[in-house]
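Please read each point against the coordinates.

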Amino acid sequence: MRFTKEGDNFKEKLRDHVEKVSDVNLSSCYQCGKCSAGCPMAENMDFTTNQIMRLLNLGQFEQVINCKAIWNCISCETCTTRCPRELDPAAVMDALRMMAKAKGSSGARNNMEKFNRIFLEIVRLRGRLYEPGLIGFYNLLSGDFFKDFDLALPMVLQGKLKPWHLPGIGDIESLQRMVEKCNQFAEEEERAQKQ
């Protein structure tokens with residue numbers, strides 16, 4: 001589905017698509033704010049979770065698609081567990097990220113996609129997360145080489161961060177086959193959306 005053509009019912013189509021992908025009835029949100037109150041990333045967002053829900057109800061899709069909040073959401077699902085209406089705001093955020101990516105909106109992505117790609121590649125290669133590698137590659141690709149260095153050095157000296165220890169799993173080939181199947185499925189989904 002493309003999101004570039006505007007028509008009389010453009011906003012309704014987008015709203016319907018968000019509801020279909022996330023399986024959330026957006027009009028059921030009554031703005032209690034519990035989702036935002038529990039969100040560990042709320043202070044880093046330009047719009048809180050309940051504000052995103054409200055903007056969607058008001059049809060402000062361009063504002064939502066281009067905001068930082070959808071990329072700063074860490075999908076911890078705290079908002080979902082706190083919702084008294086049993087809605088799934090985390091799924092709404094996932095749907096919005098997919099729509100923003102399909103639309104080609106890149107301005108507000110920050111470095112979240114870089115972080116996610118590095119994280120997944122390390123897990124694919126090792127079977128487990130290697131935190132020093134994640135931090136190092138992320139800092140390298142984001143251009144902030146010494147970010148958090150003042151925190152990392154004391155952690156290394158105290159033995160809490162072990163850059164020389166490379167974790168791994170025994171049957172890495174099975175994991176890599178699973179990742180390959182997931183990538184193939186994602187490519188098929190992307191092709192189907194473009195048609």
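In which helix do Glu 121 and Arg 124 lie, and how many residues apart are they? The points below begin with that pair; the model under review is a predicted one.

1. Glu 121 and Arg 124 are both found in helix 8 (residues 112-126), where three residues, about one turn of the helix, separate them. The two form a salt bridge, with 2.6 Å between the closest N and O atoms. Glu 121 has a relative accessibility of 34% and counts as partly exposed. Arg 124 also counts as partly exposed, at 25%.

2. A search of the whole structure returns three salt bridges. Another of them links Asp 94 to Arg 97, whose closest N and O atoms are 2.3 Å apart. This pair belongs to helix 7 (residues 89-103), again with a spacing of three residues, about one turn of the helix. Asp 94 has a relative accessible area of 32% and is therefore partly exposed. Arg 97 falls under the 20% limit for burial, so at 14% relative accessibility this residue counts as buried.

3. The side chains of Arg 15 and Glu 19 also meet in a salt bridge, at 3.5 Å from N to O. These residues are separated by about one helical turn because they stand four residues apart in helix 1 (residues 10-22). Both partners are buried: Arg 15 and Glu 19.

4. On the surface, a patch of negative charge brings together Glu 180, Glu 187, Glu 188 and Glu 189. Membership of such a patch requires over 30% relative accessible area and no salt bridge. Glu 187 has a relative accessible area of 47% and so is partly exposed. This residue is part of helix 11, which covers residues 172-194.

5. Is Asn 72 buried or exposed? Asn 72 has a relative accessible area of 9% and is therefore buried. The residue is located in helix 5 (residues 69-72). Its side chain reaches the backbone oxygen of Asn 44, at a distance of 2.7 Å.

6. For Arg 15 and Glu 19, both residues are buried.

Definitions and conventions: Residues numbered from 1 in each chain as written. Predicted model: local features only at pLDDT ≥ 70, side-chain atom pairs only at ≥ 80, totals over all residues. Heavy atoms only, no water. Patch = residues over 30% accessible without salt bridge, like charges linked within 9 Å, V, L, I, M, F, W, Y side chains within 5 Å. Areas by Shrake-Rupley, 256 points an atom, 1.4 Å probe, with all protein chains shown as cover. Salt bridge = Lys/Arg side-chain N within 4 Å of Asp/Glu carboxyl O. Lys, Arg positive; Asp, Glu negative; His and termini not counted. Charge placed at Lys NZ, Arg CZ, Asp CG, Glu CD. Helix = DSSP H or I, 4+ residues; strand = E, 2+ residues; numbered from the N terminus. Buried < 20%, exposed > 50% of the residue type's maximum accessible area, 1.4 Å probe, protein only. Polar contact = N/O pair within 3.5 Å; in protein donor to acceptor, adjacent residues only side chain to side chain.
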